[in-house]
Structures are given as structure tokens and as C-alpha cells.
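Please read these notes with the model open beside you.

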Amino acid sequence: MYECSKLFAAFISGSYAHLLALAAFIQQNHLLYCLKGGDITFTAKVEAKDLLRKPTIKWFKGKWMDLASKTGKHLQLKESFDRFTKIHTFEMHIIKAKENYAGNYRCEVTYKDKFDSCSFDLEVKGFSEGQDDAGELDFSGLLKHREHKQEEVPEVDVWEILKNARPDEYEKIAFMYGITDLRGLLRRLKKTKKEEKKSEAFAKRLEPAYQVDKGGKIRLVVDLADPTVELKWYKNGQEIRPTPKYIFEHKGTQRIMVINNCQINDDAAYSVSAGEEKCTTELFVKELPVNIVKHLEPVKTTVNERIELECEVSEEGAKVILCHFCVKQNGVEVPTGVRSRYRVKSEGTKHWLIIDDATKDDTGTYSLMATGGTTEAKVQVELKPLKILMDLQSVTVLLGQPLKLNCEIYPGNIPGRWYKNGQLIQPSERLTIIHRTKNHSLDIESSTIHDAGDYTFVPEGYTQTLSAKNAIWANSADPPRVHLEALNVQDNTVVIVAGNKLRLEIPISGEPAPRVVWMKGERVILDSGNRVRAETFADHTCLTIDIAEREDTGNYKIVLQNEAGEDTASVKIKVVDIPDAPEAPLVTDVGGDWCTMTWEPPRYDGGSPILGYFIERKKKQSSRWMRLNFDLCKETTFEPKKMIEGVPYEVRIFAVNAIGVSKPSEPSKPFLPLAVTSEPTMLVVDDVTDTTVTMKWRPPDTIGAAGLDGYQVEYCIEGTDEWILANKELIEKTRYTITGLPVEAKLLVRVKAINAAGASPPRTTQHSILVKEVIEPPKIRIPRHLKQTFIRKVGEVVNLVVPFVGKPRPKVNWLKEGQPIDQTINIRNSDCDSIMFIRKAERKHSGKYELSVQVENHIDTATLDIQIVDLPGPPQAVKIEEVWGNNVALDWNPPKDNGNAPIIGYTIQKADKKTMEWYTCIEHYHRTCITISDLVVGNEYFFRIYSENMVGLSESATATKDSALIVKEGLQLKIPEYNDRDFTEPPIFTQPLINTFAVAGYNATLNCSVRANPRPKVIWMKNKITIIDDPRYRMFSNQGVCTLEIRKPCPFDGGVYTCKAVNDLGEAQVDCKLEVKG
């Protein structure tokens, strides 16, 4: 696009327009040049401070061609509005200019009955081989086909087209169908319900448009419904490949394209396709403006002096500056050609405007425009001092007599102008203006009452004025008068509600009939006005406002004049309305089911005091608002209650005055009612040393929707009020040790539960804690499984943990049967337990171990019985005692090594001498002699025996040295005589009862074993009282093992339990002590 150096200007303010047309580089006045294929932009700016609605602007080529219907790829029309400066901006972009685009262009701006325009010529230079397509601006082609009748355009529904169109196509559609109020159309379109098709590929589409500064970075994000679908990105229809400029990222179902170092060529349409679906967006790259660093300074000089205006911009180089600036003098471009008195000089970032020989015509305001702002300075060129030889004299004449005013000034060749009451006087048949050298005169042939007033003569080019006051006396007349008392209103103030019609009639009098003028400020109200008009009748004057608006509020002045005099009066009209909507409320505090909200009163109260406010709230996900107060809230604070914890809410405000209820305010920012937890429970001291205190507690009973983030521990030393924070970061555990405390200090400790809503009420210890370690006698707590003999096999791992208590840390000592323990046994001690560890147990590790725990003079001991067992050795002296028939009697001795465990049986095997294959005859046999029967006659047998204990069978067996031959029948066997063995014996307990500890609520059992023949009767007693038919006890007896089961014992079940066995030969009993812990 070419640099701009031409500025056309006119102004609209009330009855004028302010139109700025910014064009490309021109060599001559109103002639613009552009290279073929280049871009050019025309900008019109309309100042709208006093305009009630947007002005209408049209662009033409030639005399008749309206360019609004010719928009396309070569011509674009845009508009915008700055709410702060109140300026409407209209732009016409010609893209890739062609030769046939040359011609005269015109911009017209219209507001009500006011009109202004600006025209300029465009010349396209440069030639290329061949003829390019003329595009939408080929007006000559349109003229050639004017004889053809255009086809009737069918009626279309513009609403349906806009609903289905992309946002970047709204302007094109509006110009295509002749829609001028595009902003109003978009507001209406936003209110209409638009049904969007749910995308099957995209869970979240691209935004309609993105904006980024030049050189910045932008992220385009879409969310896929199916993350496996193939995704492709496009720029203006061309597929984008990954480069350092375009980076593609995957994050869950999100697909992100990052564009680095955005430039002007990145300003384009982007789209992304997922399968058969596609979504598009527009990216706008914003160039950084060129700012003015040093502004122009005002200059005051005299005629024929040299003038230099200097300014400095933020960027160096004529290309940047010339792109967006032009120099102007009172709205007309300063000619800077070779023959011009004006010269423009540029050096780096500095620019000068030089006027060599100043004249009076050079006086004015000079301005320079850059893309980042404008600067201006006033230049004043003064003439020689003015001398007044004869001043004007005040004159009083009778009505109808001639009136003559004279004055003399030097220099004498200076013209001037006559003013009456500030209005320029023009010569007429009755009024003559004469200038003869130094003398200036004003002659009126026959004076009237209207000729009275202040007359001023102003020499041209000077600020000095000559003034005189003339009075006209009339012989008979009735002065005009305004009768405001007929209104019968207080302080002459008329109150009306906005939107209603006001007709204000005020009686008047005067002879002759006075001339009536209504004024509001400096504006005269005419009788031809549409909404506001003034009418005058014979005896009264009337002000009519059809639809009252807020802007109608003010003082209205009535001026009556006739030949007898003048009268004025003022009437105040006050238009009251509903107040403006308040600003969005601010939620200052939030609780579990309540919040505190504040707001500011509305900026405009509608002309009537605010009576109160209505408050509404809703859940964020809901669209239904619920009113919270039915009586007006007089204050600007309110506390909504009965909200659901953890659910986001929004609130809004209505202001109420005597006229009605305002529109609702904008909703507040969403807030989440959250409550703090209840205080922690059961805060107790867990441990105390000389410098530390360990506290433990339980979580709060009530936590709530905000959850629990952690705990905060504080302590206060007795005698002070300062609570010191013990943990800098929140802790999640319900146990904490406070360190670094002074010895023998007394302190209080409190714990707070923390969540998103804040800290809970603290839980504080009831009594102060003394920071001093307390001596606690040692106590060994032997586990239940170690109270009996601890049995392990050879080679297994032995890991015994014996807990104990005591403070300070006890001294632990282990002995084995009074001697120090073997070095192969590892002992590890801590503050609360001692661990015995044997990596690979051996039989030598068996024995009774004594554990002693000592704190100063206090000692506690415990004994542990460890038994390491192994496989037994083979039986001894296996021999054949006797053979008869098909029977063989065997006898043997127990093994020499029982494996450190009782022998529980034997396994006997036989083998035929012919095959020597061994077969088991019997297993788990308890005696050391046996008779093997059912042998095959004629076979010769060998026998062998394995011994067995709790570990298993012996590794080897002992076989008979001799074989047993089973002879055929007919042989007589001599049966030896023997005496029957007497197996009867009185009861003997082979395994006694053991003292036991039980836990309340868990079943406990007592076991012992008894041997007797005949079978004894077993009796169980508690505290020497026989247990009979008590459902809490169950008694078993199996193979001599007696068991008593106590169901869910309580502390009252503790005591001395006795098992008594009785038969005919005698009785025996064993006792034990049972302790039940709660």
C-alpha cells in the first residue's frame, strides 16, 4: 500500500460533520497516484459527539456508480466506532489496483438534512503485457452491456443467509443486499436463537476470529471428539506442514497449532479438517503504530520572518513515516512542490516544515499525523500595530430618525467588518457601509426598535475592536411580558416522565405582538422541528416535546421582543426515567451457604432518588433467576443465604426509583459457597522430650464440599500471647513433632484444619505441656506367638520383633542361658522394639534367650524359647525276631539323633530278595516292634525302617542284616509264651496349660494334653469353679488333646483356669492364668 500524504477535511458538529478522507501519494492537488497491482486505502472519519445516531456515508466512482454494490475481492468497505473518542471510521480498500480503476471518486456523508462531500482523482500507473481480469471494478464493461435488461432477482431471506454464514462474511452480505445498519443487524442476529448442528468430529471448534500483535505468538486450539481421526491444518486453502514457524502439539484430545513470529503475511483465513468436517477462523495481525516522540511547538512571529516547525517520531526511515502521515494547514494540504514557499525536510526520525518568507496568510494551525497519533501547533503571523484616531460613540435616537456611526483608524487601507450584537451586518437598501481612506461609517436611513443594540467595528487582521451602544426610543408601545405564574409549578420546574408527551403553554402579552424565540442553551428551537418544536399564538407560546428523552432535561429560555422592549424568562424541564442498571456487584466474602455482596449506585438515577434495590441470584449452569428480597434493600450491601455448598452462583442487582425498576446489572463473577471444616478432634500429647513435643489428633467430624487440604500446628509459650506457627507447609498426617523448644518450658498447642474456604476453629490442649522428658519404667510386650516355644527348621530365617516401652530410650541386652549370644545372631534395637535376626538357623541356635530392658534403675526381663529342628537319624538295631507262617516279627531301637524334635512315627518297607524293589508296609507307626503279615510263601524278604519327626522322614533307613524266608505249609511253628502287658495308668499331663493374654472381643483358646488308660474324664474350672453348660465356653477332647474355647471374652473373663483329668487309677490337674485386655 502506498504512503499517505494527502488529507481532506470538513466538520460536522451539531449541524456540521467532521470528515477525514485519507488517500495515497499525490503530486498535484486532488490527484492520487497508485502503481498497477498495488493496494490503496481511503479513510473517512466522522466526529459524532453531538450526533444522536450514526451518519450515512456513501462511496461513488464518477457521478452515479455506488460502490456499495461492487464489493468483492478487489474492493472492500469497512466501518468501526471508537466509543472513547466518539469517532466513526469508514474505510474503502482497493486491492491489486488495475488500469481501469483510474477515475474520479467521491465520498458523501449525510446526517438528517446536513450534507458534505469530498472528491479526488485516482491515476493507476504502470503497464504489463497482456490484459488482466478487471474484477468487480470494471465499470466500462458494465456500461457496454447497459442495453441488456437485468433479470429479476428472486426474493431471499437475509436472516437465513446470515445465520448460516461465517462472521467474516457479514459485511459482504450486508453490502450485497443494501443493509446499511450492520451493527443493529448483528445485535438482532445475536438475539435470535441459532440452532447449531452438533459436530461429530469436534468437541470444541476454533473461535470465529483471533488477533495477535506483529511479531507475537498465537495458539489455535481445537478439541476432538474422536482423538484417532486424522487432522489437517490449512492456510487460505493450502495445507500447512510442520516447520519452526508452525508447531503442532497434542494434549489429550486437544490439537494445537502454534504460529511463531506472526507477520503481515500471516493475516489470513485458517481452517482445520477432521475427516469430512471442517472448521475455520480468521487471524488478524496488528501492526504496531508509529508514535510521535517530540510534538510540534507553537510559533509567534511577524510578517517576512522564517518559520521552522520540528517534530520527531518513534521509528527511523521515511518509508515508515510516509506511510501514514500528512501535513495540513487548517484542513488544506500544504503544497510542498519545487515552486512552493513550503519545504519539508526529513533526517532520521526528525521532520521539519520550513516557511522562508512568512505572510499573514500563513497564520493557522499546522498538524502532522502518524499511525500512532497526531500533533499540531499554532503559527501566528501578526501585522503592524493598529492606531485608533477616532473611536465609535454611543448614540441615542428617536424611533424613525436616521442613525450614523463613524470611526477613524490607521493604517487607512485596512478593511473591516461591522457587527451588531455579535452578528455580521450586511449592506442593504436601508443600511449603507462606507470606507474612505481612514474613515469607516455605518448609515441607517430610518431607525426601528430592532436597530437598538451593541455595534462593533473589527479591522481585518487585527484583534482590536471599536464598540458603541445605541438606544432607540419609541413614543407609544406596550413592552412584551412572559406570564410564568400561569404554570403554577414550584421553582418554574416542569417534571415529565421519559417517553411521554409534553405540551407547555405559557401566556404572553405585548403591543405590537412580540417576536418569540425559544432557546435551550445556545440552540434555537424552531417551529419546524420534528420531535421538539416551538409554536407562537396571539396570546400564548407553546413548547411541544412529542416523546420526552433524558437529553431534554435543562433550562429553556423564552425571549420576547417588540418595538417597546424585550422580556426573558426561564423554565426548567426535568425528564425523569427509570435509573440506569447498576454496575456488576462484587462478592466480598463467601461462607458455607451465604455470601456478602456490595455494589455502587447507578451512575444515573433517572432524575429521581433511588428508593432501593432488588437482588436476584441463580446457579451458574441455570438460566432461571430467583429474587431474594421482596422488600426493597435500602443499603448497597446484601447477604444472600440458603445456598448449596460447592455449587457456583451468580448474583445481579435492579435499581428502583419512583418511576420504576431499572434493567438488571451485569451478573457478578461466579463464586462458590464453601465452608471451613469443623475443628480437629481428640488432640493429645503423644510424646515429650527435652526439646520436642509430639502431638496427635483425629480428623474433623465435618469436612464439607471444600475437602481437607491439611493441618496447621501452632504453639504458644506460657506467659505470652503470641502463637507461633510450627509447620511452614500444610501436613496431611494427623501426627506432628514440634522441634526446637526450650527445655522445661510450658506451652499450649492448637491445631487447625485448612481447606479452600480457610482455617477451621482451632482445637487447643486443655492444659499446658511441660517440655521435659518423663521417665517411664520399661515394659516388654511379648507377642503371643513368642510366649510358646518358637520352632523353626534348620536353614530357615529367624526374625523376631519384641516391642517394649520406656523413656528415655531403654538399654537392651540379650543373653542365651546366661551367656552372651552367638556372633551369627544379629540384634537391632530401636526406641520401641528389639529385633533378633538369624539369616540361616542352625541347631546350635536352640535354647532359652533372656531379653532385659533397662531405664536407669528400672529393669524388665522376658524369656524366649527357640527350638531349631532337623530331620531325625535312622532307627538303630533293626532285626528279625521271629518268622512263622506268612508272618515276620521285627524289632528296633529309636534313632540316636531325633533331630531336636520328638519322634512321631516310623515307616516300614519290605523288598523281595529276587527283585529288591521296596514297598511300604505301614506308615506313621509309633511303636518299636511290629508283625508283618500276609507275606508270600516261598519268598525271601528284607526289611528297612525310616524314623519320622515333625520335620519329616530321616534321610536314610536301617535295613535288616538277615532275610526272612517264608516256608511252605506243614511246618509247625512253636509259639513262645509271653505275658500280656498292662497298659493301664493314671492320668498324666504331657503338655501343661500356658499363661495367656487375650484381646477383648476376639475368641481365645486354652490347650493341654493328657495320657491315661482307661480314658479319663476331663473337667474345666475357672477360679476353682467347675464350668457347666455355659454357652460362652466350648470344650473339646481329641486323642488326649484337651481344648477350652472362650467366645469373645471380656475383661471379666480373666482369671485362673484349671483342667482336671480323673479315671479309676487317679487324677491330675494343670493351671494357667488368662488376662483379657480391652
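1. The second largest pocket has a volume of about 1100 Å³. A pocket here is an open set of points on a 1 Å grid over the protein atoms alone, where a 1.4 Å probe fits, with protein on both sides within 12 Å along at least five of seven lines. Grid points are joined across faces, edges and corners, and the volume is the space filled by probe spheres set on them.

2. This is a predicted model, in which local features need pLDDT of at least 70 and side-chain atom pairs count only at pLDDT 80 or more, while totals for chains, interfaces and linings use all residues. Residues are numbered from 1 along each chain as its sequence is written, and side-chain values use heavy atoms, with hydrogens and water left out.

3. Back to the second largest pocket: 23 residues line it. Lining residues have an atom within 4 Å of a point. Leu-52, Tyr-111, Lys-112, Arg-523 and Val-532 lie nearest its centre. Strand E42 (residues 523–525) gives the most to this lining, with three residues. Strands (E, at least two residues) are DSSP runs, numbered from the N terminus.

4. Side chains of opposite charge can pair when their charged atoms come close. The structure holds 45 salt bridges. The criterion is a side-chain nitrogen of Lys or Arg within 4 Å of a carboxyl oxygen of Asp or Glu. Arg-306, Glu-308, Arg-343 and Asp-356 are linked in a network of such bridges.

5. Asp-546 pairs with Arg-533 in a salt bridge, with the closest N and O atoms 3.0 Å apart. Asp-546 sits in the loop between strand E44 (540–545) and strand E45 (554–562), and Arg-533 in strand E43 (residues 532–536), so the pair ties together parts 13 residues apart in sequence. Asp-546 is partly exposed, at 24% relative accessibility. The cut-offs are under 20% relative accessible area for buried, over 50% for exposed, and partly exposed in between (1.4 Å probe, protein chains only).

6. Arg-652 and Glu-616 form another salt bridge, 2.8 Å from N to O. This pair links distant parts of the chain: strand E52 (residues 649–657) holds Arg-652, strand E49 (residues 610–619) holds Glu-616, and they are 36 residues apart. Is this pair buried or exposed? Both Arg-652 and Glu-616 are buried.

7. Asp-822 and Lys-844 also meet in a salt bridge (3.5 Å, N to O). Asp-822 lies in the loop between strand E66 (819–820) and strand E67 (826–829) and Lys-844 in the loop between strand E68 (833–838) and strand E69 (847–855), so parts 22 residues apart in sequence are tied together. Asp-822 is partly exposed at 31%. Lys-844 is partly exposed too, at 45%.

8. Two contacts span longer stretches of sequence. Trp-233, in strand E14 (residues 231–235), is buried at 5% relative accessibility. Trp-233 and Cys-279 are 46 residues apart in sequence, with their C-alpha atoms 10.0 Å apart. Pro-385 lies in the loop between strand E28 (373–382) and strand E29 (387–390). Pro-385 is exposed, at 70%. Its C-alpha atom is 8.5 Å from that of Tyr-462, 77 residues away along the chain.

Notes: Helix = DSSP H or I, 4+ residues; strand = E, 2+ residues; numbered from the N terminus.
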